[in-house]
Protein chains: 2
Amino acid sequence: MARGRTETVLVTRVDEGVARRTPDELVVEEPLEIRLDDHLVATTMRTPGHDFELAAGVCFTDGLLAGAPVETVRYCSTGSATDTAYNVVTVETGGRAPEPAPRVATTTSSCGLCGSTTLADLATRLEPLPASRPIPLDVLAAVPDAVAEAQGVFAATGGAHAAAAFAPDGAVELVREDIGRHNAVDKVVGRLLLDGRLPATGLGLFVSGRASFEIVQKAWAAGFAAVVAVSAPAALAVATARAAGIFLAGFARGGRLNVYAPERIPSRP
Amino acid sequence: MARGRTETVLVTRVDEGVARRTPDELVVEEPLEIRLDDHLVATTMRTPGHDFELAAGVCFTDGLLAGAPVETVRYCSTGSATDTAYNVVTVETGGRAPEPAPRVATTTSSCGLCGSTTLADLATRLEPLPASRPIPLDVLAAVPDAVAEAQGVFAATGGAHAAAAFAPDGAVELVREDIGRHNAVDKVVGRLLLDGRLPATGLGLFVSGRASFEIVQKAWAAGFAAVVAVSAPAALAVATARAAGIFLAGFARGGRLNVYAPERIPSRP
């Protein structure tokens with residue numbers, strides 16, 4: 001079912017004191033309830049579309065699958081095809097995923113905290129990544145422009161983030177958009193998971209906004225070799241990337257970028 | 001205690017293929033655990049600073065206080081002055097706040113969902129706001145530049161959001177910064193709460209990023225008359241502002257803005 005990712009409203013545009021009525025396209029934001037087998041594990045505000053990927057990605061990056069394979073992903077089916085039925089997605093492992101621990105309520109800083117509250121906690125769950133061949137800096141610097149061409153919802157609304165997986169030669173393999181950066185990343189990870197392509201060894205992850213701790217945590221869980229962010233990283237994100245062995249670049253714009261991890265770039269041939 | 005909101009790391013800046021090592025200032029992101037009386041109600045990644053305001057604001061905008069007055073706000077004190085003790089804040093109402101309902105785990109789209117998953121749910125908790133005198137459009141359009149002057153963490157790092165409360169004449173009364181937009185708003189609301197200034201009738205709320213459903217929800221809970229966002233609103237945010245009677249402007253940059261709510265601007269004298 002094609003569910004709208006954008007919606008048109010009439011707005012009043014004011015420029016130099018002159019007001020005129022005009023249609024404007026907005027990004028859609030709706031709650032999605034994610035269930036793992038019989039357990040409600042998350043509720044997120046998301047842009048509809050690629051919901052199965054989002055649900056699978058959330059379960060994976062939060063460590064809820066613990067290695068269990070995903071058997072099916074489906075919308076809530078109660079017989080009645082209400083809109084609401086498409087706001088509940090169940091990820092089924094046939095009970096092979098462990099029962100989720102009860103969690104405390106979380107609020108967020110543009111992020112889902114999801115139980116791993118610190119780098120120390122995270123390092124007990126995830127191993128440092130194996131070294132992979134460095135992606136050339138000029139390839140990394142070209143990724144933002146390549147992804148921009150596929151950011152249809154952003155182009156229409158100015159209000160959507162994008163995440164993308166790219167190959168070591170810079171080829172963009174997969175782009176997902178969402179009102180939330182974290183959802184966009186989970187959709188990318190979920191797609192790779194459902195395609196049997198995790199860990200994403202050697203691949204890079206692009207994010208259109210900032211690189212917070214949570215973004216790097218998700219990249220680590222999925223095994224990405226590199227993270228390229230258009231905007232600033234947080235200090236904890238840098239520490240996390242260095243601990244994980246993830247290459248982290250920020251402020252990747254106009255052919256420039258800053259490399260935050262590793263701390264020192266090895267000289268390249 | 002002055003806890004750092006920014007941190008300096010050495011990075012490699014790459015421009016036109018030329019790399020040089022240089023110090024770069026990053027925004028700090030640390031977990032904060034928020035307790036209401038004896039209950040853990042939230043854990044959020046936040047930029048340290050104004051933690052009491054953040055904790056009080058979260059409890060207020062989530063509707064957890066339910067009208068109970070805040071008696072004290074304090075850091076976790078166990079006798080040992082560890083750093084971790086400053087990542088736990090307790091809001092005390094002497095047990096007058098209702099016991100928080102157990103909540104499901106939430107993930108987020110740059111937001112905390114916090115139990116009110118839809119506009120319909122929200123409208124059962126909050127009344128439409130009383131009409132207040134409209135703030136002139138040219139005053140609203142000037143707010144972003146006025147707030148920018150106070151965005152010290154953003155100026156240093158490029159990685160922090162800001163929220164601000166402003167008077168009907170455009171005077172900026174209060175600016176708070178955080179890695180999370182929602183936290184910045186909660187810090188502003190918390191300050192007003194602790195100062196006995198809620199509801200914020202007649203005041204405007206500025207946010208440096210997009211206006212999601214959650215931002216408008218917080219503005220509604222606090223009673224702001226207007227929300228001005230630098231970036232795009234989500235469709236649900238527009239619907240929420242129209243239901244609440246909140247004036248909502250987006251893309252407020254360079255003297256221009258789009259008015260999303262009310263649907264039609266009344267003609268002004």
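1. A:Cys59 is buried, at 0% relative accessibility, where buried denotes under 20% relative accessible area, exposed over 50% and partly exposed the range in between, with a 1.4 Å probe and protein chains only. B:Cys59 is likewise buried, with a relative accessible area of 0%. The count of disulfides over all chains is zero, a disulfide being a pair of cysteine sulfur atoms within 2.5 Å.

2. The model is predicted: local features need pLDDT of at least 70, side-chain atom pairs count only at pLDDT 80 or more, and totals for chains, interfaces and linings use all residues. Residues are numbered from 1 along each chain as its sequence is written, chains are lettered from A and ligands numbered from 1 in the order in which they are written, and side-chain values use heavy atoms, with hydrogens and water left out.

3. Over all chains there are two aromatic pairs; rings of Phe, Tyr and Trp (its six-membered ring) pair if their centres lie within 6.5 Å, and planes under 30 degrees apart count as stacked, over 60 as edge-to-face and the rest as tilted. A:Phe52 and A:Tyr75 make a tilted pair, 4.8 Å centre to centre with 50° between the planes. Because A:Phe52 belongs to helix H1 (residues 51-61) of chain A and A:Tyr75 to strand E5 (residues 72-75) of chain A, this pair ties together parts that are 23 residues apart in sequence. Helices (H or I, at least four residues) and strands (E, at least two) are DSSP runs, numbered from the N terminus. A:Phe52 is partly exposed at 29% relative accessibility, whereas A:Tyr75 is buried at 16%.

4. In chain B, B:Phe52 and B:Tyr75 form a tilted aromatic pair, with 4.8 Å between centres and 50° between the planes. B:Phe52 lies in helix H1 (residues 51-61) of chain B and B:Tyr75 in strand E5 (residues 72-75) of chain B, so parts 23 residues apart in sequence are tied together. The relative accessible area of B:Phe52 is 29%, partly exposed, while B:Tyr75 is buried at 16%.

5. The largest pocket holds about 940 Å³ of space. On a 1 Å grid over the protein atoms alone, a pocket is an open set of points where a 1.4 Å probe fits, with protein on both sides within 12 Å along at least five of seven lines, and lining residues have an atom within 4 Å of a point. Its lining comprises 35 residues, of which A:His161, B:His161, B:Ser208, B:Gly209 and B:Ser231 lie nearest the centre.

Terms used. Points joined across faces, edges and corners; volume = space filled by probe spheres on them.
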